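Work through the exercises below with the structure open. Try each task before reading its solution.

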Amino acid sequence: MTTSLLIVQLLNGLQFGILLFLVAAGLTLVFGVMDFINLAHGVQYMLGAYLAVTFVGLTSSFMLGLLLALAAALLLGLAFEFLVFRHLYERDHLDQVLATFGLILLLNQAVKMIWGAAPLSVPVPEFLSGNVQLLGGVLYPTYRFALIGAGLGVGALLWFVVEKTRTGMLLRAGASNAPMVSALGVDIRKLFMVVFAFGTMLAGFAGVMAAPILSVEPGMGDAVLILAFVVIVVGGIGSIRGAFVGALIVGLVDTLGRSFMNDLLRLFMAPASARATGAALSSMLIYLVMAAVLFVRPEGLLPAKGRS
């Protein structure tokens, strides 16, 4: 293990955590405020990536494609909420799981019909295509730094909206006691629509930002959805701060575990055994972290007020 490799993997873990936060933030709002289990949230991340492929290709501009993809993701979120999800709010969680799982299958097939099954990609924008030189001469892609900065900016904006505005007050109150908020005269249906559409746009934004560094392909949102649920369990359901902290923990633990677990085990085991054990342990680390957090703090590290 070298210092330069450690720096690169720390930055990779931070960047991965930021992507997970963008997905998990929308999911924790929907889950925390609406008590709605949306398994299709990962598909919305995938749609954001495919929308980026389409609009960046049409406009030949990453920034313009980003704006158009976000607008399209917001409209899709409103359409999904109106056509499907609002009919499930009063149903139990099993019905929500079955319906949203069916939507996953439907949208994955729709993506294959529209864009094909072959992996696609989005070119890194030219103005972010270089590298930044770090200590020790380590080069790290400029775009990945931009992704980290964009995620931190979105996180700061979300914190401000949730903690400092009237809309945020209603969101926090809805996360604690939605029936009481409705009884006080707030149009809870409209609030749910805004929350769901905004959560969809956040997932779409994560997909757009991931498109230049990951393959855009059907099913790409499934693994991200599982990790997003781990994030909100670790951080605390309904908590933006918890989603941020949980995403950073999951991103760093997963990246560093996959990079250095074998080297660490070689200190105590034969190389062949270390390789086999390391491969198994590295894929389990984030779930072990989740189990440890649940054992110590079942409500998560930073739960939303009223849920602890």
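**Exercise 1.** Which residues does aspartate 254 touch, not counting residues up to four places away in sequence?

*Solution.* First, the ground rules. This is a predicted model, where local features need pLDDT of at least 70, side-chain atom pairs count only at pLDDT 80 or more, and totals for chains, interfaces and linings use all residues. Residues are numbered from 1 along each chain as its sequence is written, and side-chain values use heavy atoms, with hydrogens and water left out.

Step 1: locate the residue. Aspartate 254 sits in helix α9 (residues 240–265). Helices are DSSP runs of H or I, at least four residues, numbered from the N terminus.

Step 2: list the contacts (heavy atoms within 4.5 Å). Aspartate 254 touches Phe16, Ser282 and Ile286.

Step 3: classify exposure. Buried means under 20% relative accessible area, exposed over 50%, and partly exposed in between (1.4 Å probe, protein chains only). Aspartate 254 has 9% relative accessibility, so it counts as buried.

**Exercise 2.** Is phenylalanine 82 buried or partly exposed?

*Solution.* Step 1: phenylalanine 82 belongs to helix α3 (residues 62–83).

Step 1: its relative accessible area is 48%, so phenylalanine 82 is partly exposed.

**Exercise 3.** At what angle do α2 and α3 pack?

*Solution.* Step 1: define the geometry. Axes are lines fitted to C-alpha atoms, for helices over the stretch in contact, and angles run from 0 to 180 degrees between N-to-C directions.

Step 1: read the values. Helix α2 (residues 41–59) and α3 pack at about 140 degrees, with axes 8 Å apart.

Step 2: name the arrangement. Under 35 degrees is roughly parallel, over 145 roughly antiparallel, 65 to 115 roughly perpendicular, and the rest oblique. The pair α2 and α3 is therefore oblique.

Step 3: sort the contact residues. Ala, Val, Leu, Ile, Met, Phe, Trp, Tyr, Cys and Pro count as nonpolar, Asp, Glu, Lys and Arg as charged, and the others, Gly among them, as polar. The contact of α2 with α3 holds 13 nonpolar, three polar and no charged residues.

**Exercise 4.** Which residues touch the most other members of the largest nonpolar core?

*Solution.* Step 1: define the core. A nonpolar core is a set of buried Ala, Val, Leu, Ile, Met, Phe, Trp, Tyr and Cys residues joined through side-chain atoms within 4.5 Å.

Step 1: Among 85 residues, Phe21, Met34, Tyr45, Phe85 and Phe229 touch the most other members. Helix α1 (residues 3–34) gives the most to this core, with 13 residues.

Methods. Helix = DSSP H or I, 4+ residues; strand = E, 2+ residues; numbered from the N terminus.
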